[in-house]
Each structure stands twice: as structure tokens, then as C-alpha cells.
Amino acid sequence: MAGAAVPIHALVPAHNEAAGIGATIEGLLTQTRPPDSILVVADNCTDATVAIAASYGVEVMETVGNTAKKAGALNQALRELLPRVGEDALVLVQDADSVLSPDFLENAERHLVRRPRRHPNLGAVGGVFAGSEGGGFVGHLQRNEYARYARDVHRLGGRCLVVTGTAALFRAATLGAVSRARLEGRIPAGDGAGGVYDTTVLTEDNELSFALLHLGYTIASPTDCTLVTEVMDSWGDLWKQRLRWKRGAVENCFQYGLTAVTWRYWGRQLLTALGVLVTFIYLGTLVWALAAGGVHIHPFWLAVTGVFVIERVVTVRYRGWRQMVLSASMYELTIDLFLQIVHAKAYADAALNRTRDW
């Protein structure tokens, strides 16, 4: 693999990823700035993940006794990697169900090493992801959703709330600083042994973003750092994924409390909760009116509906004019309502401290 002044080491945590690990590794090997090493961290795999990864000639590490999912697997790998690479080295952490755009690493390295004026203490560069093909109707809805996310990031000039776990580039020194801060009690202890990733939470990428921000770093998702990530191919899988994301985000807020960093995240949670409440009230009154035969079209609410239609059309423009026209039908209310129900369930589970389920 090509060398460089600042070496890049790629870590790919994988649990039964036989279907996609080959494409993930090929995406790394064909980067315009290839990583100097690739380590697939195989965590309790029972399929052909290890054999497929090894067939590409990359290093494969099988976790030992890990019960802490992805965060635990990454901690095992980082405990071996960080002591033997220089503090200036860069570490890419990428999900095994994602494929980087060919220039991802070249662009991410440039952003992280140059540290532009608006990000003088840049701690991590994350990716802007699009949805993979497949998944039928539910996959289609997710691709629209991810296109809207990409548009938001672009409008904000790469500012982001979370460096997602799909792919993120860090300095080894930054990850070392996180580990020390956990041991010193300046941020949550995580696994209690200085592990970079917090093994006690559902959303380790969200928590690591909080940790970096509380240590004075900034985070960014530059629009030229793109990748494609797997979409859930059933409503059931999407339910599990989003319930974990939402509950994890809520619990991360409680974990850190109300701080100069988290107030924005608390605000988003409150707005989301308000949206859930308004949705249920709206639907309840609509059902009540239909039952009573008292539904009337009011110009004000017709105008409000028009605003929603415009928002749906404009925000999906990254997927082309055909999708923009289709979105005017508001058929995506399907996933909007679905996600509102997921959010309500996540809030209830967190409030009642119900058992977590991955």
C-alpha cells in the first residue's frame, strides 16, 4: 500500500458482515490516498467474514471475550494499535457495511491535517452518507432521508452534531487524549479501563462526539467526504436501528447533563418530543372529526399543508427532479409517522429504564 508523510490506519469493526466486507475492503484499497494498513476487527463472527477479509491480504483480528459489541471490539483493537503508531498518525474507523467514495481519505486527511481557520482544533472528520440500493420501499424512503441529511450538512458548510460511525478519521493523539480523559474522570469513564469508546451506551459514535466536544475539539462532516452505507431492508430492522439510535441519543444527553455543549442536543430532543406530541394530537383530532362527520377544509390549514409539500419537494433535490415531483404527493408521511412512533417508544423506554435491546 502507498505510504505517506502521515500514515493512515483503517479499522473496520465487523460482526457477521460476509455479505459486504469485500466491497468495504475494495473501497479502501482503491482510494486515491490508500490507507497504510487495514485491520478488520472480527467480533464474534460465525459467518465467512474472517475468511473473506483475509483473502484480500489485509490484517484480521478476532476479538477475545468481547461482550460489549462494536465499542468493545474497537477498544480491543485500539489498545493494540495506538501504542505502536505515532501521535501524528491518523486512524480511520469505518463500518463494515459502508463503502467510501474513492477520494474520501484524500479529502478527509486534507481537512484534518490542515485544520482550517473555522476548525483550529478539529478532532474528527466524519462522512456524509447516502443509502445503498435495495430494500424495496423502505430502502427507498431511507435514501430520501439520507439525501435530506446530506443537503442539511451542505447548507451548514460541513457542521454536524455527530461524527457518525459509518466512517470517521481521527488523529491518534486525539483518541489517546480521550482515553486519558476517561481515566482522569473529565468525561464519562466508559469501560473504566481507558477505552476510547464508551461500552455502556447504545450509540458509541454519538457519545464519542460528546466526549470530543467537551474536551475542546470540534467535529465536521465535509461535503467532499462521502460514502454509501447499507439501508435497512425491512420495517422491523429499521425499527430496531432507529429505536437504538434515538434512545442512545436521549441517554447520552442525560449522561452528560445540561452543559455548554449539550444544550443544542437537548433542544433538538425537546423539539422532537414536541413534534411527536403535536402529531398525535393532530391525528387524534382528525380521527375525532371524521367520526363526527365534521371535517372542513380551512384556507389556513391548506396553506400550512402547502408549506409542508414545498419542504418535501425542495429538500430531496439531491435525488433529482423525478423524486422531487414524486415527493409532492406526500407519500413519505409513511416513514415520518413511523419515526414519530419510534421516537415516542424511545422516550418511554428511556424514562422507564426498560431493558435495552440491540
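Start with the seven-stranded sheet. It is open, its pairing is mixed, and its strand order is S3-S2-S1-S4-S8-S6-S9. Strands (E, at least two residues) and helices (H or I, at least four) are DSSP runs, numbered from the N terminus. Two strands pair if DSSP finds at least two bridges between them. S3 and S9 (218-220) stand at the edges with a single partner strand each, so one side of each has no neighbour in the sheet. Neighbouring strands here are turned by 20° against each other on average, direction ignored. Angles run from 0 to 180 degrees between N-to-C directions, and axes are lines fitted to C-alpha atoms, for helices over the stretch in contact.

A note before you go on. This is a predicted model, in which local features need pLDDT of at least 70 and side-chain atom pairs count only at pLDDT 80 or more, while totals for chains, interfaces and linings use all residues. Residues are numbered from 1 along each chain as its sequence is written, and side-chain values use heavy atoms, with hydrogens and water left out.

**Stop 1: strand S1**

Select S1. Seven of its seven residues are buried. Buried means under 20% relative accessible area, exposed over 50%, and partly exposed in between (1.4 Å probe, protein chains only). Which residues lie on each face of S1? Ile8, Ala10, Val12 and Ala14 take one side, and His9, Leu11 and Pro13 the other.

S1 runs parallel to S4, joined by four bridges. Look for histidine 9, whose bridge partner in S4 is valine 91. S1 also runs parallel to S2, with six bridges. There, leucine 11 has leucine 39 of S2 as its bridge partner.

**Stop 2**

Select S1, H1 and S2 together. They make a right-handed β-α-β unit. A crossover is right-handed if, with the strands pointing away from the viewer, the path from the first strand over the helix to the second runs clockwise. Colour H1 (residues 21-29) next. Ile21, Gly22, Thr24, Ile25, Gly27 and Leu28 are buried there. Their cover includes S1 (8-14), S2, H2, S4 (90-94) and S5 (98-100).

Move on to S2 (residues 37-42) and S3 (residues 59-62). They pair in the parallel sense over four bridges. Valine 41 stands opposite methionine 61 in S3. With H2 (residues 49-55), S2 and S3 make a right-handed β-α-β unit.

**Stop 3: strand S9 and helix H7**

S6 (residues 122-126) and S9 pair in the parallel sense over three bridges. Valine 125 has alanine 220 of S9 as its bridge partner. H7 packs on this sheet, touching S6, S8 (167-171) and S9, and its direction makes about 135° with that of S9. Contact means heavy atoms within 4.5 Å.

Pick serine 209, which is found in H7. Is serine 209 buried or exposed? It is buried, with a relative accessible area of 1%. Leaving aside neighbours within four places in sequence, serine 209 is in contact with Leu161, Val162, Val163 and Ile219.

**Stop 4: where H6 meets H7**

Show H6 (residues 172-184) beside H7 (residues 204-214). Their axes come within 11 Å and cross at roughly 90°. H6 and H7 are therefore roughly perpendicular to each other. Angles of 65 to 115 degrees count as roughly perpendicular, under 35 as roughly parallel, over 145 as roughly antiparallel and the rest as oblique. The contact is made by Thr174, Val178 and Arg182 of H6 and Glu207, Leu208, Ala211 and Leu212 of H7.

Zoom in on arginine 182 in H6. Arginine 182 is buried, with a relative accessible area of 3%. Beyond its neighbours within four places in sequence, its contacts include Ile187, Tyr197, Asp198 and Glu207. From arginine 182 to alanine 193 is 8.2 Å, C-alpha to C-alpha, with the two eleven residues apart in sequence.

**Stop 5: the three-stranded sheet**

Finish with S5, S10 and S7. They form an open sheet in the order S5-S10-S7, with mixed pairing. S5 and S7 (128-131) stand at the edges, each with a single partner strand, so one side of each lacks a neighbour in the sheet. The twist averages 30° from one strand to the next. S7 and S10 (residues 226-229) run parallel, joined by four bridges.
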